[in-house]
Amino acid sequence: MADETLFELLHMEMVSHVFDHVEEDEEDHGKHTRVLEGMGFRVGQGLIERLTKDSPSFKDDLEVMKFVCKDLWTILFNKQIDNLRTNHQGTYVLQDNRFMLLTQLSSSKQYLEEAPKFLPYTCGLVKGALSNLGINCTVSAEVAVMPACKFQVVISRT
C-alpha cells in the first residue's frame with residue numbers, strides 16, 4: 001500500500017513539475033507531453049526487460065498484449081486491465097475502469113479537462129515495454145468519464 005501511494009505522489013509531482021511552466025500554447029503542451037512520454041518509455045523498457053528475462057518468447061502480438069494487460073498492469077497498478085479489445089489488424093484498446101493515477105484526482109467531471117496531463121507517462125510506459133518486445137507502435141489515451149481510461153495501441157506494420 002505504501003508503494004502505491006509513493007508512486008502516485010511521485011507521478012503527481014512529475015506531472016506538476018513538467019507542466020509547471022506551460023502556457024496555453026499548444027506547442028509547449030505537446031513538448032511537455034513528450035517529456036513525460038519519454039520518461040515512461042525508458043521505465044517501460046527497463047521494467048519489461050526484467051519481467052521477461054526468464055520467459056519464453058511470445059508467439060504473436062495478441063499474446064504480448066495479454067501479457068501487458070495481466071502481468072505488466074498488475075505490477076504497475078496492482079490490478080489487471082478491465083477490458084482488452086482488438087480489431088485483429090493491429091489496433092488494441094485497453095480499458096481501465098478505475099485507473100489508479102486518476103482516482104486520486106477525482107471521480108467526478110470536475111477535473112475531466114485536467115486528466116489528459118496524467119496519461120502521457122503511462123502511454124510511454126506501455127510503448128517502451130512493447131518496444132523492448134520488438135513491437136513498434138503508437139499509444140494514446142483518452143478519458144471520457146473519470147476515473148475510467150482507455151489506452152489505444154496501434155501497431156506499426158513496417
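The pLDDT is the predictor's confidence in each residue, on a scale from 0 to 100. The protein averages a pLDDT of 85, and 87% of the residues score at least 70. Confidence is lowest in helix α1 (residues 2–19), with a mean of 71, and highest in strand β2 (residues 91–96), at 97; helices (H or I, at least four residues) and strands (E, at least two) are DSSP runs, numbered from the N terminus. The model is predicted, and local features need a pLDDT of at least 70, side-chain atom pairs count only at pLDDT 80 or more, and totals for chains, interfaces and linings use all residues. Residues are numbered from 1 along each chain as its sequence is written, and side-chain values use heavy atoms, with hydrogens and water left out.

An open sheet is formed by 4 strands in the order β1-β2-β4-β3, with antiparallel pairing, where two strands pair if DSSP finds at least two bridges between them. The edge strands, β1 (83–86) and β3 (137–142), each pair on one side only. Strands β1 and β2 pair in the antiparallel sense over 4 bridges, L84 having L94 in β2 as its bridge partner, and the two strands form a hairpin with 4 residues between them, in whose turn H88 has a positive phi of about 60°. Between β3 and strand β4 (residues 149–155) the antiparallel pairing extends over 6 bridges, and K150 in β4 is the bridge partner of E142. Helix α3 packs on the sheet and touches β1, β2 and β4, contact meaning heavy atoms within 4.5 Å.

Helix α3 (residues 61–77) bends by about 35° at V68, the bend being the angle between axes fitted to the seven residues ending there and the seven starting there. Among the buried residues of α3 are F67, V68, W73 and F77, where buried means under 20% relative accessible area, exposed over 50% and partly exposed in between (1.4 Å probe, protein chains only).

A search of the whole structure finds 6 aromatic pairs; rings of Phe, Tyr and Trp (its six-membered ring) pair if their centres lie within 6.5 Å, and planes under 30 degrees apart count as stacked, over 60 as edge-to-face and the rest as tilted. The ring centres of W73 and F77 lie 4.8 Å apart with the planes at 55°, so this pair is tilted. W73 counts as buried because its relative accessibility is 0%. W73 also forms a tilted pair with F99, at 6.2 Å centre to centre and 35° between the planes. W73, F77, F99 and F151 form one aromatic cluster.

Methods: Axes fitted to C-alpha atoms, helices over the stretch in contact; angles between N-to-C directions.
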